[in-house]
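Colleague: I would like a close look at a single part of this model. Please keep the account plain.

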Amino acid sequence: MSEAGATSRSEGLPYAGGPVLGGHPSAAALRVACSGEGFARARGFTRDTLSGWSLDHRGDDAVLVVTELVSNAVTHAVPSPTAGVPEIRLGLALDSGDLTLTVSDPGDDMPVFHPSDGSALREHGRGLCIVDALAKEWGWTPRSPAGKTVWATLSTRPLT
């Protein structure tokens with residue numbers, strides 16, 4: 001993210017605690033490693049960022065959406081290990097009552113949404129159903145010269 005107030009972390013740096021942001025932040029970003037540790041960092045970064053924005057009440061939903069989007073990126077969009085280190089980026093942006101979560105990856109294929117068939121026992125293919133159930137809206141956009149960004153918008157209002 002290149003907006004004012006954005007922060008990014010290189011995977012080579014340790015992530016401990018909340019993101020370092022000055023003033024009233026509107027965006028934060030994290031490069032995500034394709035590993036269990038990378039997933040844990042993405043979840044912790046999301047919780048810490050939302051806490052810093054006084055949005056703890058949206059933490060559970062946001063972490064679940066981030067986990068699903070990052071998992072999809074790693075599973076479906078990351079090239080083979082011989083292609084080098086894949087670039088997966090997590091972004092969070094706060095704007096007028098909405099929280100937008102983005103995951104950018106090197107894959108060009110559009111996300112495939114499989115509407116729920118009522119089978120709770122299905123092992124794969126439920127991620128975007130979860131995102132669809134929690135988000136106000138979600139979608140994807142291609143990135144130039146290659147790749148895509150999948151995004152989901154959550155309301156910042158407390159659930160009643």
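Which residues of α2 are buried?

Modeller: The model is a predicted one. In it, the buried residues of α2 are Gly 59, Asp 61, Ala 62, Val 63, Val 65, Val 66, Glu 68, Leu 69, Val 70, Ala 73 and Ala 77. Helix α2 itself runs over residues 59-77, which makes 19 residues. From first C-alpha to last, α2 reaches 26 Å, close to the 27 Å expected at 1.5 Å a residue.

An α-helix has 3.6 residues a turn, so residues three or four places apart point the same way.

The cover over the buried residues of α2 includes the strands β1 (27-32), β2 (88-95), β3 (98-105) and β5 (148-155). It also includes the helices α1 (36-52) and α3 (127-134).

Next, the core. The largest nonpolar core has 26 residues, and Leu 69, Leu 90 and Leu 101 are those with the most contacts inside it. Two or more residues of this core come from each of β1, α1, α2, β2, β3, α3 and β5. The largest share is that of α2, with six residues.

Leu 69 is one of the buried residues of α2. Apart from neighbours within four places in sequence, Leu 69 is in contact with Leu 101, Val 103, Leu 128, Val 131, Val 150 and Ala 152.

A last point concerns the cysteines. The count of disulfides comes to zero. Cys 129 counts as buried because its relative accessibility is 17%, under the 20% cut-off. Cys 34, at 35% relative accessibility, counts as partly exposed.

Key. Residues numbered from 1 in each chain as written. Predicted model: local features only at pLDDT ≥ 70, side-chain atom pairs only at ≥ 80, totals over all residues. Heavy atoms only, no water. Helix = DSSP H or I, 4+ residues; strand = E, 2+ residues; numbered from the N terminus. Expected span 1.5 Å × (residues − 1). Buried < 20%, exposed > 50% of the residue type's maximum accessible area, 1.4 Å probe, protein only. Contact = heavy atoms within 4.5 Å. Core = buried A, V, L, I, M, F, W, Y, C linked by side-chain atoms within 4.5 Å. Disulfide = S-S within 2.5 Å.
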